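Colleague: I have a model open and a few questions about it. Can you take me through the strands, a helix and the rings?

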Amino acid sequence: MANGNFDLAITGRDWLLDHLYRFPSSPAEELLSLGYGMVKIVAAVSEDLPVSDIFELRELVEAGQLSPLRVASEYVHIADKYARDNHLGRYRVIPTWGASEAFLPDDADLLIENTQTGETLARHNLRVIDTLFESSASLIGGADTGRHPGKEEKIKSIIAILRAAVGGV
């Protein structure tokens, strides 16, 4: 879609943001939140790590106890931005592809992950220390998608139908 091969797509807002953090000039944008597939993108640590929030984690990093900080995530660009925005000093992002929870505590110190209930995190003895944002399925399009002759009305119609189907979310 971002390459111009498609006019519309459905994806999670989390994946759209990960893409936009990597490619800030991408024309991809959210056109409509579809309101299903709700998850929270969270920062989690091992129960064994004595921190309750991101500020306490930063203190451990600054004290040299976790340097470089190892951050595991499927959301490589969200994780990178989160570590930079929270001034986590020297860090390394470790890309994961499924079963990311298994990386903590041996192979990573911090996990950026999605969760619906938190049960999987708890089963792996992980604790949420921050919620980055909420995500759900979204209809996305290019910034100029509706500007093509003949497509604007069709796209508006599709958006209206989907908006009505999801109850105006």
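Predicted model: local features only at pLDDT ≥ 70, side-chain atom pairs only at ≥ 80, totals over all residues.

Colleague: Which residue stands opposite Ile140 in β8?

Modeller: Strand β1 (residues 8-12) pairs with β8 in the antiparallel sense over five bridges, and there Thr11 faces Ser138. Strand β2 (residues 28-33) also pairs with β8, antiparallel and over five bridges. Opposite Ile140 stands Glu30.

Colleague: Within what arc do the buried residues of α3 fall?

Modeller: Helix α3 covers residues 76-85, and its Ile78, Ala79, Tyr82 and Ala83 are buried. Seen down the helix axis, these residues line one face of α3, because they fall within an arc of 130 degrees.

Colleague: How is the pair of Trp15 and Tyr75 classed?

Modeller: The model has one aromatic pair. Its ring centres, in Trp15 and Tyr75, are 4.7 Å apart, with 40 degrees between the planes. Planes under 30 degrees apart would count as stacked, and over 60 as edge-to-face. So the pair of Trp15 and Tyr75 is tilted.

Colleague: How many residues apart in sequence are the parts that this pair ties together?

Modeller: Trp15 is partly exposed, at 36% relative accessible area, whereas Tyr75 is buried, at 0%. Trp15 lies in helix α1 (residues 13-22) and Tyr75 in the loop between β4 and α3, so the parts tied together are 60 residues apart.

How values were computed: Residues numbered from 1 in each chain as written. Heavy atoms only, no water. Buried < 20%, exposed > 50% of the residue type's maximum accessible area, 1.4 Å probe, protein only. Helix = DSSP H or I, 4+ residues; strand = E, 2+ residues; numbered from the N terminus. Arc of directions from axis to C-beta. Pairing = 2+ DSSP bridges. Phe/Tyr/Trp six-rings, centres within 6.5 Å; stacked < 30°, edge-to-face > 60°.
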